[in-house]
Amino acid sequence: MNQQFTAAATAVSISHLDKTYDTGFQALKNVSLEIRKGEIFALLGPNGAGKTTLIGTICGLVRPTAGKILVGGHDVVTEFRKTRSMIGLVPQELTTDRFETVWDTVAFTRGLFGKGRNDAVLEKILRDLSLWDKRNDKLITLSGGMKRRVLIAKALSHEPEILFLDEPTAGVDVELRRDMWNVVRDLRENGVTIILTTHYIEEAEEMADRIGVISSGEIILVEDKMALMQKLGKKDLAIQLQEPIEAVPAALAALGLELQNEGTELVHSYDSHADRTGIATLIGTLNEHGIRIKDLSTRQSSLEDIFIGLLRDRS
Amino acid sequence: MNFHAIKAIYVFEMARWWRTIMQSIISPVVSTSLYFVVFGAAIGSRIESVEGVSYASFIVPGLIMLSLLQQSLSNASFGIYFPKFAGTIYEILSAPISHVETIIAFVGAAATKSIVLALIILATANLFVDVQIQHPVWMVIFLTLTAITFSLLGFIIGIWADGFEKLQLFPLLIVTPLAFLGGTFYSITMLPPIWQTISLFNPVVYLVSGFRWSFYGTADVDIAISLAMTLVFLFAALGIIAWIFKTGYRLRT
């Protein structure tokens with residue numbers, strides 16, 4: 001019973017996946033990962049970490065060296081027809097048939113993925129992506145952002161249950177990025193599972209339910225986004241001083257304060273969930289030393305800080 | 001069977017051909033007409049009939065075969081090479097489509113194009129010279145088998161090629177010389193004995209000979225051997241393709 005429940009709630013299940021290219025480069029090392037149905041999962045990692053290889057193995061572009069991948073409970077190698085028809089893939093590169101029209105290329109993909117013609121579905125997809133007015137335009141005439149939308153429309157043309165977005169907003173302007181995030185959220189509302197890779201932390205922070213971090217082919221962390229931010233979240237307390245000081249008082253050395261802005265600002269990094277943040281001691285000690293405070297501000301660290309911290313810890 | 005996918009690729013390939021239909025048809029028709037003018041009229045008028053057929057008529061099956069080989073190779077190789085070059089191949093590799101279906105679609109489209117072209121050249125030839133087809137069914141069988149075989153070879157070249165130069169390499173350096181030396185413009189019985197023997201190692205000899213037999217009932221090699229060799233080439237091409245898909249050679253990393 002429990003197992004059935006797990007299978008039903010899992011969109012993609014990867015176990016002990018290895019990929020070594022012919023060149024000997026090991027792109028994935030013993031990767032195990034579960035993507036839940038209906039979630040937005042962000043796979044974060046620096047360039048060359050193995051994000052695209054991981055997606056490629058799930059979608060059928062890359063042959064795994066070892067390990068097993070199930071999509072909707074079906075094996076991607078032995079039941080490829082079943083698994084691939086469940087998946088839509090938006091590749092990282094803007095690869096399009098330059099001389100095709102928007103409509104033709106989207107209709108082509110629908111057919112390729114085994115679905116019969118359905119103009120109403122395609123029309124809805126094109127309208128949702130603001131491509132309807134461009135449906136008869138050749139792809140060569142479209143801007144980069146519009147081409148990106150076309151790739152998304154193609155990936156959605158066969159109404160997939162799982163959508164892979166490989167660096168969806170690379171090289172896309174801010175406005176289009178917002179639009180695209182909205183499209184992705186709408187899809188999630190309709191029950192589509194979304195897996196996106198990105199090296200823009202902002203994107204993951206904005207969109208994801210869960211975050212996985214991959215580095216040098218290894219999954220180094222998978223965590224609920226909120227939990228991750230709380231668990232690893234540091235806060236910075238910045239204290240502006242009325243008069244500059246030359247050195248941090250010896251009594252405060254244990255807190256690891258940093259003196260900034262020519263001695264006019266003290267910065268204290270602390271764990272906001274710890275029992276003792278040290279803030280009371282800090283302010284008391286400053287008073288004792290006659291250091292007068294002008295202003296205070298705190299700042300929550302972003303996912304980017306967390307991410308950099310994680311990678312630094314490993315290296 | 002994913003019929004929607006086969007149809008999608010086939011229609012896509014035919015549409016690409018249709019967009020450039022004038023170039024696709026005019027250039028082979030013009031070059032074939034030139035062969036007629038040069039070999040048929042200018043040179044042919046000084047050659048007696050070959051095996052009871054006027055020289056200009058004699059070269060028709062060979063010329064059709066020459067175009068068929070070149071067009072099948074270039075259509076099929078370009079059809080699969082271009083998505084690789086443009087990067088759109090990702091879509092085909094990630095689609096729920098089997099290898100057999102992929103081949104049926106790509107090779108089917110390439111073979112269709114070259115057969116249509118062969119028929120246009122046949123019609124053009126009919127304007128210049130008297131053409132008889134004694135065995136129309138066999139003519140169609142040889143035409144179709146050869147178109148499929150060379151489209152399969154073209155597909156292999158398209159997968160193997162990693163640049164446009166390589167795409168041209170096989171048609172220019174191997175297939176065209178083999179076609180010229182394979183009895184397109186002559187009967188190999190016109191050659192000295194040693195060259196006749198050497199010619200038998202040229203696969204195109206069997207294709208041209210069988211095809212010409214279906215027109216005029218005369219052949220350089222026995223018709224059964226021609227047919228058998230045509231089938232051997234077909235299965236050899238299928239074998240190579242099976243290996244390519246099995247290993248993912250130059251397709252999947």
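This is a predicted model: local features need pLDDT of at least 70, side-chain atom pairs count only at pLDDT 80 or more; totals for chains, interfaces and linings use all residues.
User: How many residues of domain 1 of chain A are in contact with domain 2 of chain A?

Analyst: The domain assignment of chain A places domain 1 at 2–230 and domain 2 at 234–314. Their C-alpha centres lie 41 Å apart. On the side of domain 2 of chain A, 11 residues take part in the contact, and on the side of domain 1 the number is 15.

User: How do the residues of the side of domain 1 of chain A that touches domain 2 of chain A divide into nonpolar, polar and charged, and what is the count of salt bridges between the domains?

Analyst: The elements that each give two or more residues to this side of domain 1 are helix H8 (201–207), strand S9 (210–215), strand S10 (218–224) and helix H9 (225–232) of chain A. By class, this side has 10 nonpolar, three polar and two charged residues.

User: What area is buried between chain A and chain B?

Analyst: The contact draws 28 residues from chain A and 27 residues from chain B. Carbon and sulfur atoms give 58% of the buried area. The total for the two chains is about 2,500 Å².

User: Which residue of chain A forms a salt bridge with B:Glu101?

Analyst: The interface of chain A and chain B holds three salt bridges and nine residue pairs in polar contact, both residues being at pLDDT 80 or more. In the salt bridge formed by B:Glu101, the closest N and O atoms are 2.8 Å apart, a value that falls within the 4 Å cut-off. The partner of B:Glu101 is A:Arg81.

User: Which helices of chain A each supply at least two residues of the side that touches chain B?

Analyst: The side of chain A that touches chain B has 12 nonpolar, eight polar and eight charged residues. At least two of the residues on this side come from each of helix H3 (80–86), helix H4 (102–112) and helix H6 (144–156) of chain A.

User: What percentage of residues 137–161 of chain B is helix?

Analyst: An unreviewed UniProt entry annotates residues 137–161 of chain B as a "transmembrane region", and residues 103–125 are among the other spans listed. Residues 103–125 of chain B are 100% helix, with end C-alpha atoms 32 Å apart. For residues 137–161 of chain B, the end C-alpha atoms lie 36 Å apart and the strand content is 0%. The helix content of residues 137–161 is 96%.

User: What percentage of the span that UniProt lists as "domain: ABC transmembrane type-2" is helix?

Analyst: The unreviewed UniProt entry lists residues 19–248 of chain B under this name. The end C-alpha atoms of that span lie 31 Å apart, and its strand content is 0%. Its helix content is 78%.

User: Where is B:Glu51 found?

Analyst: B:Glu51 is a residue other than glycine with a positive phi, near 45°. A:His16, also not a glycine, has a positive phi of about 50° and is found in strand S1 (residues 10–20) of chain A. B:Glu51 is found in the loop between helix H2 (21–43) and helix H3 (55–86) of chain B.

Methods: Residues are numbered from 1 along each chain as its sequence is written. Chains are lettered from A and ligands numbered from 1 in the order in which they are written. Side-chain values use heavy atoms; hydrogens and water are left out. UniProt positions are given in the numbering used here, feature names are shortened, and annotations may be inferred rather than shown by experiment. Helices (H or I, at least four residues) and strands (E, at least two) are DSSP runs, numbered from the N terminus. Domain bounds come from an automatic or database domain assignment. Contact means heavy atoms within 4.5 Å. Ala, Val, Leu, Ile, Met, Phe, Trp, Tyr, Cys and Pro count as nonpolar, Asp, Glu, Lys and Arg as charged, and the others, Gly among them, as polar. Buried area is the accessible area (1.4 Å probe) that two parts lose on being put together, summed over both. A salt bridge is a side-chain nitrogen of Lys or Arg within 4 Å of a carboxyl oxygen of Asp or Glu. A polar contact is a pair of N or O atoms within 3.5 Å; within protein, one must be able to donate a hydrogen and the other to accept it, and residues adjacent in sequence count only if both atoms are side-chain atoms.
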